[in-house]
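Hi,

Here is the structure I said I would pass on. Have a look at it first, and then read on for what turned up.

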Amino acid sequence: MKTDIPSGTLYMLVLKTLARLGPMHGYGIALYIEQTTGEVLQVEEGTLYPALQRMLIKAWVRAEWRTTENKRRARYYTLTPAGRKQLAAEMRDFDRAMTAIRQVIEPA
Amino acid sequence: MTAFFRKLKGWWRRDEIDAELQEEIRTHFEMKAADLADRNPARHAAGHPGHGGHSSRSALVLEDTRSVWGWPALEALWHDLRYGARMMRNAPGFTAVAVLSLAIGIGANTAIFSLADKVLIRKLPVSAPDQLVVVSASRGAGVSTTTNYPDFADYRDKNEVFDGLVGYMQRAMTLSESGRAERVQGLIVSGNYFSVLGVTPAVGRGFLPEEDKTPATHPVLVISHGLWQRRFGGDRNIIGKPVSVNGNPFTVVGVAPPAFNGTIAASAPDVYVPVMMVEQLSTSPFDRTNLLSSPRSRTLSGWLQLLGRVKPGISHEQAAAAMTTLAGQIARAYPNADGSPRVEPKILVEDGSRGHTNLLRDIKFPLQMLMATVLLILVIACANVANLLLARASTRQKEIAIRLATGAGRMRLIRQLMTESLLLSAIGGLAGLALAASLSGLIVGFTPPNNNAFSSLTLDNRLDTRVLGFTLAISVITGILFGLAPALIATRTDLVSALRDDAAVFGKKKRHFNLRNLLVVAQVAVSVIVLVGAGLCVRSLRNLYSIDTGFDASKVLVVSVDVGLSSYTRERGLQFYADLLERVRRLPGVEAVSLATQIALGDGFGARMRGDGYQPKPGEDLGADFNQVASDYFQVMKIPLLEGREFNESDTTTTPAVAVINQTAARRYWPGQSALGRRVILGRPPDEQPRVVVGVVKDSKYRRLTEEVRPAVFMPFLQRYRADMTLHVRTSGEPSTMLAFVRREVQALDASLPLYNTRTLEDQKTSSLYTSRLAATLLTMFGLLALMLAAVGLYGVMAYMVNRRTHEIGIRMALGAQGSEVRRLVMTEGTVIMLIGLVLGLIGALAGTRLVESFLYDVRPNDPLTFAGAAALLVAVTLLANYLPARHASRTDPTMAIRQ
């Protein structure tokens, strides 16, 4: 079964993916997230690319054109120091939220 | 670099970004397709159904991604503006009427505001103007509230309530430099003037403390920025430049900042001179020794106007009380020369943030009246445009309904309609600015030329940034005002019936109709009020013109000369004037010529006078109008001599002191008897001066047309010399053509003397009525504009109604109704609207015109003739506005109308 990405976590997922993989193009990012989650999380193109552009504007990532192994030209995104800081902040917030949610839904 | 600027930069390379995105997304789908093909070659070969969908998917993704770089609010605004402009182009008639209405409304407001701002609203460009107070010394009714120098110096140094007290006097002066003389406005100021006001000269410096200590030792002056530009071309080497003022050498030490125009509202001094130089600048021999430090200087009447800066925390009342106590102590410490006590003045302290505003006394009320009127005009204009928009909204109902039906949000549509309104008001505002500029010129054309040598009302009509800001604000406000209601109503459309394109019949769309009719009722009512106001002012002005002045103003030229400017002695001055009279008398076309110090209907001059032996009651006003005149004055003025004789060449300093008095004075002091040979006593102890009455003349108007005539006394010039006199020339032809000849005669005697106050007595009379003329002319103009706007409004509503009901009218006619019946049907509806508006307007006018009663001369604010006239004019114009659509309706072709 496929699930949409929980709202507000897309930036974190993309940033984390870039942190793991290093420079990567949009398709690669989407593929990585889907495969890593056993295809539970589905990344829609219509969500991914606007998010990448917003991250570019906010300077969390850098973009450059490179050639893929299959000799295609693709735009590769790289994490910037600001993006790294943002990732840390988002993960901290996410952890705190998850802990809080668990306290509500799990029996004590 | 912030995200905002990165985005802004992106806008410049938006094509490049677009291309990159396209490629990126295409690549994405290609990679995805390739992966799918690898995993499931069979399906791919069979033609994956989703494959063809990629291009439309990718277009959607591209659209969403691209929008991240967009400016949605701005793009929507741009779209709305372009759409609005297209709508306006498609309805040129509507656009023209709307823009014209708005231009009239906004233009009238801008013009009046630009004047009111400078006259009534704006504060002095000095530091902390709110701390400034006008300080005046009240010594009873009709007595000057100014202060002499020694008293001022004591007030300045001994008070504990002011952080500074300045004194000044306005005076015309002759400035010459490089052989070129010109008459300029001067302000004689205490040395602390610039420092207390906190005004820093643009170039050079203000006055130093030592320049304020000893009379006549520091001939320095500060010039205005205007004079610096006009006369010296903004030369920065002006500091230290020698100039001559009234024949005395002075040195320029500073240039005032450009925004600073002294502290007397509506006047603009060209030069500022320290008070210590006042005696040198005086043109009267007496003043040359008696203004600053002689024993007489303290008991003379005052001449300085005072402006103080109150200490923080001190109220106006506290300051007034403290100053009254101080002024009393000083008056008691320095009695009159004969030991009699001096009047102890009551010191008044009033807001001085706008400086001294006496010159604005007369224009303040008409200006407030005009401000109220132009606001009403704006309301009418807004109602007009709102009405037009409502009419258009119903013709656009289908368009709006389609847009709503296809998913446009109501807010989005309201925004679209509001954008159109604001676009209209912006264009109207621009056109209004152009209108305002010419209207301002007209207004300033009404103001009098220099009313006398010492004061001048200078109205500044330039449109500055404050005015532009006002116009912008008022345009936006009107845009919202007239646009909002139509936008709300238009978008509340019932989709189904709008799309079905119902024809309006009785009972349908009642709500819209009511609002539109209400707007027209309001327009009619407001224009009635403005018309009545205009009518009253016109009647009042006619009455003012028909006042008997008691003299004949036609064919008299007046020209002022001041030989004090060339430092003439008394003897030389007398000789000059004798020569001048002789020369002018010999000019062809001159019937009679004389001299006087006061020009009739000018500022006038008061003196204390009583009949010898007359015991005044306590507190009785002994003020009299006063003039020094040469022989033949009454002949020139055609003021009838009732008894005795005029002055002649034999009334000199060696013969008995004589006077001519008016009828009112003769009746008051010697009722039922002849005043000839009696004595009048002028002045107050110890300077009383008896004079023998040799003539009695008929009363005439001295200071203003509306004055109650009071006693007047005339003295012969040969016995009471003055350096500045005004030549009065009665001519047989057009008096103004004589000016060039008179000028030649003056210059033949002394080429360096400037002429001033050059005008005809007729002009003098006209300009003395300038506030009434201003109000009557502008109100009439505004009244007609209001009427025109209301007529357009009524026409619009009726024409629209006829248009909407064409179908119904066609049926009626097909069933046998005559054209005349249809006409009556339409006329009745319009007449009802008009009558309701008329009645409301008359009631409003009845209440409103009571406020202007004090401004009217010999017209009651409920003058029936004016009310009837305004009503008749309104009925005539609105009937026409009503008749045109009615006639159109009556010519409806039934077959065409029903088929519609």
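Let's start with a pair of helices in chain A: H1(A) and H3(A) are roughly perpendicular to each other, because their axes cross at roughly 75° and angles from 65 to 115 degrees count that way. The axes of H1(A), which covers residues 10-21, and H3(A) come within 11 Å. On the H1(A) side you will find A:Leu10, A:Tyr11, A:Val14 and A:Leu15, and they meet A:Thr47, A:Leu48, A:Ala51, A:Leu52, A:Arg54 and A:Met55 of H3(A). Sorted by class, that contact has 8 nonpolar residues, 1 polar and 1 charged. Do keep in mind as you read that this is a predicted model.

H3(A), residues 45-57, also packs with H2(A), residues 26-36. Their axes come within 11 Å and cross at roughly 120°, so these two helices are oblique to each other. H2(A) passes H3(A) in a right-handed crossing. Which residues make the contact between H2(A) and H3(A)? From H2(A) they are A:Gly26, A:Tyr27, A:Ile29 and A:Ala30, and from H3(A) they are A:Leu48, A:Tyr49 and A:Leu52.

Read from the N terminus, the order of elements is β-α-β-α-β-α-β-β-α. The C-alpha trace of chain A spans about 55 × 35 × 20 Å along its principal axes.

Now for where the two chains meet. In chain A, 22 residues are in contact with 23 residues of chain B. Together the two chains bury about 2100 Å², and 58% of that is on carbon and sulfur atoms. Which residues of chain A lose the most area to chain B? They are A:Tyr27, A:Glu45 and A:Ile57, which together account for 34% of what the chain A side buries.

One to look up is B:Glu20 with A:Arg75, where the closest N and O atoms are 2.9 Å apart.

Over all chains, the whole structure has 46 salt bridges. Within chain B, B:Asp270 and B:Arg230 form one, at 3.2 Å from N to O. B:Asp270 sits in the loop between strands E7 (248-255) and E8 (271-274) of chain B, while B:Arg230 is in helix H9 (residues 225-232), so this pair ties together parts that are 40 residues apart in sequence.

Last stop, another helix pair in chain B. H7(B), residues 149-158, and H12(B), residues 316-333, pack at an angle of about 130° with their axes 10 Å apart, which makes H7(B) oblique to H12(B). This crossing is right-handed. B:Asp151, B:Asp154, B:Tyr155 and B:Lys158 in H7(B) meet B:Met323, B:Leu326, B:Ala327 and B:Ile330 in H12(B). By class, that comes to 5 nonpolar, no polar and 3 charged residues.

Cheers

Note on methods: Residues numbered from 1 in each chain as written. Chains lettered and ligands numbered in written order. Predicted model: local features only at pLDDT ≥ 70, side-chain atom pairs only at ≥ 80, totals over all residues. Heavy atoms only, no water. Axes fitted to C-alpha atoms, helices over the stretch in contact; angles between N-to-C directions. Helix = DSSP H or I, 4+ residues; strand = E, 2+ residues; numbered from the N terminus. Parallel < 35°, antiparallel > 145°, perpendicular 65-115°, else oblique. Left-handed = near helix turned anticlockwise from the far one by under 90°. Contact = heavy atoms within 4.5 Å. Buried area = accessible area lost by both parts, 1.4 Å probe. Salt bridge = Lys/Arg side-chain N within 4 Å of Asp/Glu carboxyl O. Nonpolar A, V, L, I, M, F, W, Y, C, P; charged D, E, K, R; others polar.
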